[in-house]
Amino acid sequence: MPKEEITLNPDTWIDNYADYLFNYAVVRVNNSDIAKDLVQDTFFAGLKSAKNFQGKSTERTWLVSILKRKVIDYYRKINSKKGKAEVRMNFYNDGENEGSWIEERVPQNWINKTEKDIENQELKTQLDICIDNLPEKYALVFRMKTIQEFETEEICKELDITSSNLWVIIHRARTQLRKCMEDNWFNN
């Protein structure tokens, strides 16, 4: 019996998949505005590449695979020097005071916090610095696996690496992170 061919129906994507894709994205980027943009980009990319759909998966699976690529591209962009300079944050949303800051230059809150909160933030900052100092591929794989909790198979497929290579990269990244933290945090 021949397998039924699956065809795309873009007119139903928003009703059928928008909520699922949004929830998928927001968990990975932890920002609802960015998640909405990524879903919109996913639908647009789906429309542009509809002719390439081969019917080997469901519409939803196909759209999720596009969204995964958009999430990866988002993190690649914000983790590049150019991308960091482009990420802006609003500080006013009203009238003539409207404006935004480059994210790296956003003024920090001046609220007094406990020493523990300050120390935890300093630890997180130092860890982020250490991750940023990893080779680009190590940082990307480390973030995807340990922070964003992507599955091994997803990472391997998206980055075109073997699972053995992934675990070697994770091991090397952890080794370099341990050394960086020992040199810059624990010995201070």
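A residue is called buried when its relative accessible area is under 20%, exposed when that area is over 50%, and partly exposed in between (1.4 Å probe, protein chains only). By this definition Glu-158 is buried, with a relative accessible area of 14%. The structure is a predicted model, in which local features need pLDDT of at least 70 and side-chain atom pairs count only at pLDDT 80 or more, while totals for chains, interfaces and linings use all residues. Residues are numbered from 1 along each chain as its sequence is written, and side-chain values use heavy atoms, with hydrogens and water left out.

The charged pairs come next. Side chains of opposite charge can pair when their charged atoms come close. A salt bridge is counted where a side-chain nitrogen of Lys or Arg lies within 4 Å of a carboxyl oxygen of Asp or Glu. Helices here are DSSP runs of H or I with at least four residues, numbered from the N terminus. Both Lys-68 and Glu-154 are buried.

Glu-158 takes part in another salt bridge, with the side chain of Arg-69, at 3.0 Å from N to O. Here too distant parts of the chain are linked, since Glu-158 is in helix H7 and Arg-69 in helix H3, 89 residues apart. Whereas Glu-158 is buried, Arg-69 is partly exposed at 30% relative accessibility.

A further salt bridge is found between the side chains of Lys-179 and Asp-183, with an N to O distance of 2.8 Å. These two residues are 4 residues apart in helix H8 (residues 163-186), so about one helical turn separates them. Lys-179 is partly exposed at 48% relative accessibility, and Asp-183 is partly exposed at 39%.

The bond links Cys-130 in helix H5 (residues 115-132) with Cys-180 in helix H8, 50 residues apart. Cys-130 is buried at 2% relative accessible area, and Cys-180 is buried at 14%.
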